[in-house]
Amino acid sequence: LRSCSPGRARRTNASRRTCLVARFGDIYAQERVDAETILRTYISDLEMVQRIIYIAAVESFHAAKMAYRQFKIRVRETLSLGHSGPESLEDAVLDYILRHEDLYDVQASVNEVIRSMNINPKISFPPEIDFIVISSLIRELCRVAFSMQTLIPPLDVAFGTDGELFSETKYHRSFDSDFTAALVAYHVWPALMENNVVIVKGEAVTKR
């Protein structure tokens with residue numbers, strides 16, 4: 001019996017996870033704030049601005065996960081033709097993706113996110129402006145979301161709905177929230193999840 005040696009992806013999993021979780025926090029602290037500042041020059045309604053950014057974050061993860069799945073299928077099909085080990089095919093696929101993350105067409109994902117946002121009924125934008133003004137935020141979110149799919153297990157953002165019961169384990173309340181309200185009026189930033197467990201809290205606004 002040939003023993004399977006762990007591939008590079010598995011050996012570096014813990015350190016990459018730490019870096020990616022930290023990067024997600026940095027995006028919240030920096031790129032999100034920058035995007036909010038840009039949007040406020042076009043939209044006076046803070047709630048709409050925050051809804052736009054939240055939806056951009058969720059859609060970025062969705063687009064990056066779809067791109068990752070398609071990329072992984074292509075890599076697996078190619079490597080399976082000549083794979084002989086010593087690591088498993090799945091590990092070989094992950095290692096290849098890690099070495100060639102630069103092949104991820106992040107701009108295609110950015111375009112997909114903006115297309116989705118343009119038809120989202122919960123957000124609106126002045127017709128003379130385009131969501132492309134926050135494309136740098138979307139690009140960074142897509143990049144980190146794509147990389148998070150290479151982790152074992154992968155990381156994802158939580159799905160949130162307006163009117164859901166506020167969860168202390170899932171969200172921080174925004175400073176302008178009604179702290180006695182039990183329901184989420186809208187979301188500011190998604191929670192980061194690992195195997196359905198919150199590892200970084202999101203942010204939500206609660207109102208009566």
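1. Cysteine 142 counts as buried, because its relative accessibility is 0%. Cysteine 19 sits at 55%, so this residue counts as exposed. Both values come from a predicted model.

2. No disulfides are counted here. Cysteine 19 is in none; the nearest cysteine sulfur belongs to cysteine 142, 20 Å away. Seen from the other end, the closest cysteine sulfur to that of cysteine 142 is in cysteine 19, and 20 Å is too far for a bond. The cut-off for the sulfur pair is 2.5 Å.

3. Now the overall layout. The protein chain has seven helices and six strands. Their order along the sequence is α-α-α-α-α-α-α-β-β-β-β-β-β. The C-alpha trace spans about 65 × 40 × 25 Å along its principal axes. Of the 208 residues, 46% are buried. Take the contacts between residues at least 6 apart in sequence: 70% of them join residues at least 24 apart.

4. Which residues line the largest pocket? The set is Arg51, Tyr54, Ile55, Val58, Glu59, Asn120, Lys122, Phe159, Gly160, Asp162, Tyr186 and His187. Helix H4 (46–80) and E3 are the elements that give two or more residues to this lining. H4 has the largest share, with five residues. By class, the lining holds five nonpolar, three polar and four charged residues. The space in this pocket is about 250 Å³.

5. The second largest pocket has a volume of about 200 Å³. Its lining counts 13 residues. Those nearest the centre are Ala67, Gln70, Tyr104, Asp105 and Ser109. H4 and helix H6 (106–118) each supply at least two lining residues. H4 again gives the most, here six residues. Eight of the lining residues are nonpolar, two are polar and three are charged.

6. Strand E3 covers residues 184–189. Is E3 mostly covered or mostly open? Mostly covered: five of its six residues are buried. E3 runs antiparallel to strand E6 (residues 202–206), and four bridges join the two. Tyrosine 186 has valine 205 as its bridge partner in E6. Tyr186 is also one of the residues lining the largest pocket, and His187 is another. As a rule, side chains in a regular strand alternate between the two faces of the sheet.

7. Isoleucine 152 deserves a separate entry. Where does isoleucine 152 lie? The residue is in the loop between helix H7 (135–148) and strand E1 (155–157). Isoleucine 152 counts as partly exposed because its relative accessibility is 33%. Leaving out residues up to four places away in sequence, isoleucine 152 touches Arg10, Asn13 and Leu94.

8. One pair distance for the record. Isoleucine 152 and isoleucine 27 are 125 residues apart in sequence. In space they are 22 Å apart, C-alpha to C-alpha.

Methods:
Residues are numbered from 1 along each chain as its sequence is written. This is a predicted model: local features need pLDDT of at least 70, side-chain atom pairs count only at pLDDT 80 or more; totals for chains, interfaces and linings use all residues. Side-chain values use heavy atoms; hydrogens and water are left out. Buried means under 20% relative accessible area, exposed over 50%, partly exposed in between (1.4 Å probe, protein chains only). Two strands pair if DSSP finds at least two bridges between them. Contact means heavy atoms within 4.5 Å. On a 1 Å grid over the protein atoms alone, a cavity is a set of points where a 1.4 Å probe fits but cannot get out, and a pocket is an open set with protein on both sides within 12 Å along at least five of seven lines; lining residues have an atom within 4 Å of a point. Grid points are joined across faces, edges and corners, and a volume is the space filled by probe spheres set on the points. Ala, Val, Leu, Ile, Met, Phe, Trp, Tyr, Cys and Pro count as nonpolar, Asp, Glu, Lys and Arg as charged, and the others, Gly among them, as polar.
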